[in-house]
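Good morning, and thank you for coming. Please take a moment to look at the structure before I describe it.

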Amino acid sequence: MAKTVVGLAMSSTMFEGDVIISRKVISADQAKEIISSREIVSCFNRSHETTIEALRTRFEIEVEIPEVAPKVTLMPGDTLIVLSARFSRRLNEGERFSIEEVNSANFEFVEYTIDRKLTCGNCGKVFHFSERSNTHEECADCPWCGWDNPV
Ligand SMILES: [Zn+2]
């Protein structure tokens, strides 16, 4: 099953090996729609409480904060929604943004979708995971010859 992960930032540790990521800026309403209509994996954590609070009060976006941060690996077909505040300055070590700063920050909502290039061992053609000829998440049939084991 393809999954949808929601977080406040993207991290390189969310990926393994070579993948292709497409990035799309979405509106707060689109983010809200995705979050409310799908079963999501939340990467929110309490150390960003003021940002989470601003998402709730300014955009009515509510995401559960898990007790234990999940270990997430984004695979082809998965989606990552990043809800990030953009501040005009960087924090110093140990410092936090004030409520005033969070409330005046610009927020950006981005949908990342994960793709991967596969090479068919039968016909040799290269295609994107999203172009596979069937829709089973775990299979990736070649769209050209239907061979079922491209890598
Ligand atoms: Zn093929």
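This is a predicted model: local features need pLDDT of at least 70, side-chain atom pairs count only at pLDDT 80 or more; totals for chains, interfaces and linings use all residues.

I begin with helix α2, residues 49–59, in which Thr-51, Ile-52, Ala-54 and Leu-55 are buried. A residue is called buried if 20 or more other C-beta atoms lie within 10 Å of its own, exposed if 12 or fewer do, and partly exposed in between, with C-beta atoms placed from the backbone. These four lie on the same side of α2, because they cover an arc of only 160° around the axis; the arc is that of the directions from the helix axis to the C-beta atoms. An α-helix has 3.6 residues a turn, so residues three or four places apart point the same way. On the other side of α2, Arg-56 and Thr-57 are exposed.

Residues are numbered from 1 along each chain as its sequence is written.

What do the buried residues of α2 pack against? Their partners are β4 and α3 (99–104). Contact here means that the C-beta atoms of two residues, placed from the backbone, lie within 7 Å. Helices (H or I, at least four residues) and strands (E, at least two) are DSSP runs, numbered from the N terminus. After α2 comes Glu-60, with a positive phi near 55°.

I now turn to the sheet. It is open, with five strands in the order β2-β5-β4-β1-β3 and mixed pairing; two strands pair if DSSP finds at least two bridges between them. At its edges are β2 (20–26) and β3 (40–42), each pairing on one side only.

Strand β1, residues 4–7, pairs with β3 in the parallel sense over three bridges, and Thr-4 stands opposite Ile-40 in β3. β1 also runs parallel to β4, joined to that strand by four bridges, and there Thr-4 stands opposite Thr-79. Between β4 and β5 the pairing is antiparallel, over eight bridges; Ser-84 has Glu-108 in β5 as its bridge partner.

Finally, the domains. The domain assignment, which is automatic or from a database, gives domain 1 (4–115) and domain 2 (117–151). Their C-alpha centres lie 31 Å apart. How many residues are in contact between domain 1 and domain 2? Four residues of domain 1 are in contact with five of domain 2.
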